[in-house]
Amino acid sequence: MPHQKIYPAQDNSSFASSIAEIDLSALAENIRRVRTTIGDCEILAVVKANAYGHGALEIARFLAQNTIKPLLFGVAFLEEAIALREGGITDRILLLTGVPLEQVEAIIQYRLSPVIYDLPSLEALRRAAEAAGAVVPVHIKIDTGMGRIGLPPDTALSFIKKAVGLAGIRVEGILSHFAHADLKDSAFTQQQLASLQTILSELEAEGILIPYCHLANSAAIIQFREACFNLVRPGLMLYGYSPMGKRQAFGLKPVMRVKTRVLAVKKVAAGQSISYGQSYVTKRESLIATVAIGYADGYDFRLSNRGEMIALGQRVPVVGRVCMDMTMLDVSKVPTLAAGDWVTVIGSEGSESIWADELARWTGSHAYEILCGIGNRVKRQYIKQGKYPHSV
Ligand SMILES: Cc1ncc(COP(=O)(O)O)c(C=O)c1O
């Protein structure tokens, strides 16, 4: 029996239960803030982790056409880079976490630039480049104090000297990563910077000139200008937040707003428990709304009995445990709220606003995790100057 079409083919965004509006004009303003702060340096726009939840391909496509255009895009893993290439991004892409040996051919095939910090990867890349008749641009990473990936500083010089002499390899950059640049006390940050500067001086003394040196993430761009060299790697600030929390002081505009639909509103008598585990019991007759977002969408379980959303311009509390797909709110103070209405999860309504950094305070986390955590079921809609060109 032939398959029967049940639903007509159509843009199903109108069926979305939760929507993340991505304001590309805010993104443009934030990258302008980066530019006005760093002057002439180049920018590597960090679009890993789906551009911190904002949609890597859409963000990269927009920035690639923007007046202030990054020199490079930064992703963590090969599959993220391939998705950008297959989506039509032809700009340089830096693989920030390094080179698994089995990926060297793909790195060359997709014209990617890897971060590199060990001899087996360097050798595998060289061989693959030779076989393909290609030259691979690499950025060499030094661990100046992050304790994550990178060469120990005392081995950096000999590694770089070896790399610059290899056919098929072009050493395009040298980089490190700050561990604590968001701190007011900059002693450790200064130490990391000095360690990288020592290596640069040693290279200079050997007559080795590497085109790009980069170290600064958002925190360093905002409060540690001397670490910007000639390339910076902003992530969080592009999306409108500051790692130090002083978003407004730096003129950053949150790019993502999240709203979710009210599924049901019901009157509940005093003494009734709400949600799994009966962790909330109504003290009086209450209006309880069930909304269509849960921890599977990135609305963190730790917001149970703690978070708030904005309904009809007023803050309303989360009551009971956050479920996988749904969350309950006490909406007694907004009695006209009805099923089908939208409530704001991240964003502003009237004089109220709840941004990712406030959610992060409630969960004991940071804005990074809140933004990256917004799940796939939350439909992204891209807006620019008030228009909704498309959704994905
Ligand atoms: C290597 C590297 N550079 C830059 C960034 C961007 O950092 P931020 O989002 O704090 O600007 C990250 C993010 O984690 C990173 O891992």
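Trainee: Which residue of strand 19 does Ile22 stand opposite?

Mentor: In this predicted model, strand 1 pairs with strand 19 (residues 379–384) in the parallel sense, over five bridges. Within strand 19, the residue opposite Ile22 is Tyr382.

Trainee: Does strand 1 run parallel or antiparallel to strand 10, and which residue there stands opposite Ile19?

Mentor: Strand 1 (residues 18–23) is joined to strand 10 (residues 256–268) by five bridges, and the two run antiparallel. In strand 10, the residue opposite Ile19 is Lys259.

Trainee: Is Ala289 buried or exposed?

Mentor: Ala289 belongs to strand 13 (residues 286–291). Leaving aside neighbours within four places in sequence, its contacts are Val262, Val265, Ala311, Met328, Leu329, Val331 and Leu337. A residue counts as buried if 20 or more other C-beta atoms lie within 10 Å of its own. Because Ala289 has 25 such atoms within 10 Å, it is buried.

Trainee: What distance separates the C-alpha atoms of Ala289 and Lys266?

Mentor: Along the chain, Ala289 and Lys266 are 23 residues apart.

Trainee: Within what arc do the buried residues of helix 7 fall, seen down its axis?

Mentor: An α-helix has 3.6 residues a turn, so residues three or four places apart point the same way. In helix 7 (residues 153–164), the buried residues are Ala156, Ile160 and Ala163. They therefore line one face of the helix, falling within an arc of 65°.

Trainee: Which exposed residues does the face of helix 7 turned away from the buried side carry, and what covers the buried residues?

Mentor: The cover over the buried residues includes helix 6 (119–132), strand 6 (136–141), strand 7 (169–175) and helix 8 (187–205). The face turned away from the buried side carries the exposed residues Asp154, Thr155 and Ser158.

Trainee: How many residues of the shell around the ligand are nonpolar, polar and charged?

Mentor: Among the residues around the ligand are Val46, Leu96, His177, Asn217 and Arg233. Others in that list include Pro234, Gly235, Leu236, Met237 and Pro243. By class, the shell divides into seven nonpolar, four polar and one charged.

Trainee: What share of the contacts in the protein with a separation of 6 or more comes from residues 24 or more positions apart?

Mentor: The protein has 11 helices and 20 strands, and 45% of its 392 residues count as buried. Its C-alpha atoms fill a box of roughly 80 × 65 × 40 Å along the principal axes. Of the contacts with a separation of 6 or more, the share from residues 24 or more positions apart is 64%.

Note on methods:
Residues numbered from 1 in each chain as written. Predicted model: local features only at pLDDT ≥ 70, side-chain atom pairs only at ≥ 80, totals over all residues. Helix = DSSP H or I, 4+ residues; strand = E, 2+ residues; numbered from the N terminus. Buried ≥ 20, exposed ≤ 12 C-beta atoms within 10 Å, placed from the backbone. Contact = placed C-beta atoms within 7 Å. Pairing = 2+ DSSP bridges. Near = placed C-beta within 6 Å. Nonpolar A, V, L, I, M, F, W, Y, C, P; charged D, E, K, R; others polar. Arc of directions from axis to C-beta.
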